[in-house]
2 protein chains.
Amino acid sequence: MSSESTGKTREIDIKVRTLAHPSRGELQLDAVLSALSDPIRRQIVSQLADVPGEQACSAFQLPVSKSTSTHHFRVLREAGVIEQHYRGTAILNSLRAADLEAQFPGLLRAVLQVGIKEAPSSATATATAGESQARHPNAKA
Amino acid sequence: MSSESTGKTREIDIKVRTLAHPSRGELQLDAVLSALSDPIRRQIVSQLADVPGEQACSAFQLPVSKSTSTHHFRVLREAGVIEQHYRGTAILNSLRAADLEAQFPGLLRAVLQVGIKEAPSSATATATAGESQARHPNAKA
DNA sequence: AGGCAAGTACGACACCCTTCGTAGTACGAG
DNA sequence: CTCGTACTACGAAGGGTGTCGTACTTGCCT
């Protein structure tokens with residue numbers, strides 16, 4: 001539909017590039033627990049919880065390739081743990097803390113509280129020392 | 001070894017049939033969350049939390065085969081969520097609630113609290129009505 | 001217009017997980 | 001001693017997951 005109607009640049013249907021999210025009531029404990037089972041995804045969630053405001057995917061120093069990053073962000077979004085929306089070419093992420101608290105009270109806090117001792121180097125300690133956080137070999141800088 | 005040494009009942013090496021458990025300090029959030037991601041395993045944990053005292057594996061009406069049951073119990077034990085020990089041919093199970101609370105405070109409560117509305121028919125409501133709990137086709141009675 | 005940066009889509013691979021059935025072991029009861 | 005009960009062990013099938021590389025789309029900037 002609306003492909004090349006007259007040969008001019010007349011694309012009427014605006015492709016907004018929306019991302020699908022489950023509503024608050026659709027959150028499934030299965031999906032949320034599975035999503036939080038992965039250490040990399042917990043790292044993402046932890047950073048989102050520590051740093052206020054929205055953050056682009058590129059703001060995360062994950063020890064995996066870009067493709068794999070995309071995968072993890074999608075799992076978190078489809079589980080309803082994070083919210084994602086486009087801003088230019090970037091995607092801004094934020095934690096759905098309120099929705100999670102409404103459906104599974106105490107869960108997020110319980111999981112994040114552990115991360116403090118088990119997996120340090122959350123964004124709060126970014127400038128602490130010699131960068132113990134592993135980056136992916138294919139990382140640019 | 002020690003099969004029929006003299007033909008009498010002289011088995012010296014006592015096979016206690018012990019089950020391996022992680023110690024409290026060895027509990028891994030990864031393993032615990034993965035273990036709790038499965039609905040069947042949450043059903044087991046939920047029943048253990050509701051009914052006081054130890055319960056044999058056969059006390060659970062799970063919608064899977066016996067082999068699969070064994071598998072799920074083992075996953076829970078190896079993650080450190082439950083404790084198992086032999087009593088005759090049966091295995092008695094109990095929740096390691098204190099250990100879990102020590103390592104991941106609030107986690108167990110958060111997960112179990114959800115089960116109340118998402119998955120009814122916990123042992124507290126056993127005698128409520130017409131047995132909506134699915135049993136496995138291969139079940140005996 | 002051209003190039004770059006941020007992500008996505010797709011296909012491939014290896015591994016793990018859930019499930020089952022069948023066979024085996026250990027213990028208690030008749 | 002023989003049988004039944006309560007599980008485990010093992011192997012197999014089927015689907016899912018984490019990982020990657022390559023190719024593609026989209027939008028911003030010069």
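Let's start with one pair of residues: in chain A, A:Glu83 stands opposite A:Ser94, which sits in strand S3(A). Keep in mind that this whole model is predicted.

- Strand S2 of chain A covers residues 82-87, and six bridges join it to S3(A). The two strands run antiparallel.
- Another pair to look for is A:Arg87, whose bridge partner in S3(A) is A:Ala90.
- S2(A) and S3(A) make a hairpin, with two residues between them. In the turn you'll find A:Gly88, with a positive phi of about 70 degrees.
- Zoom out and you get an open sheet of three strands in chain A, in the order S1-S3-S2, with antiparallel pairing.
- Strand S1 (55-56) and S2 of chain A are at the edges and have a single partner strand each, so one side of each has no neighbour in the sheet.
- What holds paired strands together in general? Strands of a sheet pair through backbone hydrogen bonds, and they can do it parallel or antiparallel.

**The sheet in chain B**

- Chain B has an open sheet of three strands too, with the order S1-S3-S2 and antiparallel pairing.
- Which strands are at its edges? They are strand S1 (55-56) and strand S2 (82-87) of chain B, and each of them pairs on one side only.
- S1(B) pairs with strand S3 (residues 90-95) of chain B over two bridges, in the antiparallel sense.
- To spot that pairing, find B:Gln55: its bridge partner in S3(B) is B:Asn93.

**Where chain B meets chain A**

- The contact takes 21 residues from chain B and 21 residues from chain A.
- Put together, the two chains bury about 1600 Å² between them, and carbon and sulfur atoms give 56% of that area.
- On the chain B side, B:Leu29, B:Asp30 and B:Leu33 lose the most area to chain A, together 28% of what that side buries.
- How many salt bridges are there between chain B and chain A? The count is two.
- A salt bridge links A:Arg42 with B:Asp30, where the closest N and O atoms are 2.4 Å apart.
- Helix H1 (29-37), helix H2 (39-50) and helix H5 (107-118) of chain B each give two or more residues to the side that touches chain A. H5(B) provides the largest share, seven residues.
- Sorted by class, that side of chain B has 11 nonpolar, six polar and four charged residues.

**Around DNA strand C**

- DNA strand C is surrounded by 26 residues, and the closest are A:Thr70, B:Arg41, B:Ser65, B:His72 and B:His136.
- Of the atoms of DNA strand C that come within 4 Å of the protein, sugar and phosphate account for 70%.
- B:His72 has a side-chain N or O atom 2.3 Å from a phosphate oxygen of DNA strand C.
- B:Arg17 has a polar side-chain atom 3.4 Å from a sugar or linking oxygen of DNA strand C.
- Helix H3 (66-79) and strand S3 (90-95) of chain A, plus H2 and helix H3 (66-79) of chain B, each supply at least two residues of the surface near DNA strand C.
- By class, the residues of this surface are seven nonpolar, 13 polar and six charged.

Notes:
Residues are numbered from 1 along each chain as its sequence is written. Chains are lettered from A and ligands numbered from 1 in the order in which they are written. This is a predicted model: local features need pLDDT of at least 70, side-chain atom pairs count only at pLDDT 80 or more; totals for chains, interfaces and linings use all residues. Side-chain values use heavy atoms; hydrogens and water are left out. Contact means heavy atoms within 4.5 Å. Buried area is the accessible area (1.4 Å probe) that two parts lose on being put together, summed over both. A salt bridge is a side-chain nitrogen of Lys or Arg within 4 Å of a carboxyl oxygen of Asp or Glu. Helices (H or I, at least four residues) and strands (E, at least two) are DSSP runs, numbered from the N terminus. Ala, Val, Leu, Ile, Met, Phe, Trp, Tyr, Cys and Pro count as nonpolar, Asp, Glu, Lys and Arg as charged, and the others, Gly among them, as polar. A residue is near a molecule or strand if one of its heavy atoms lies within 4 Å of it. A polar contact is a pair of N or O atoms within 3.5 Å; within protein, one must be able to donate a hydrogen and the other to accept it, and residues adjacent in sequence count only if both atoms are side-chain atoms. Two strands pair if DSSP finds at least two bridges between them.
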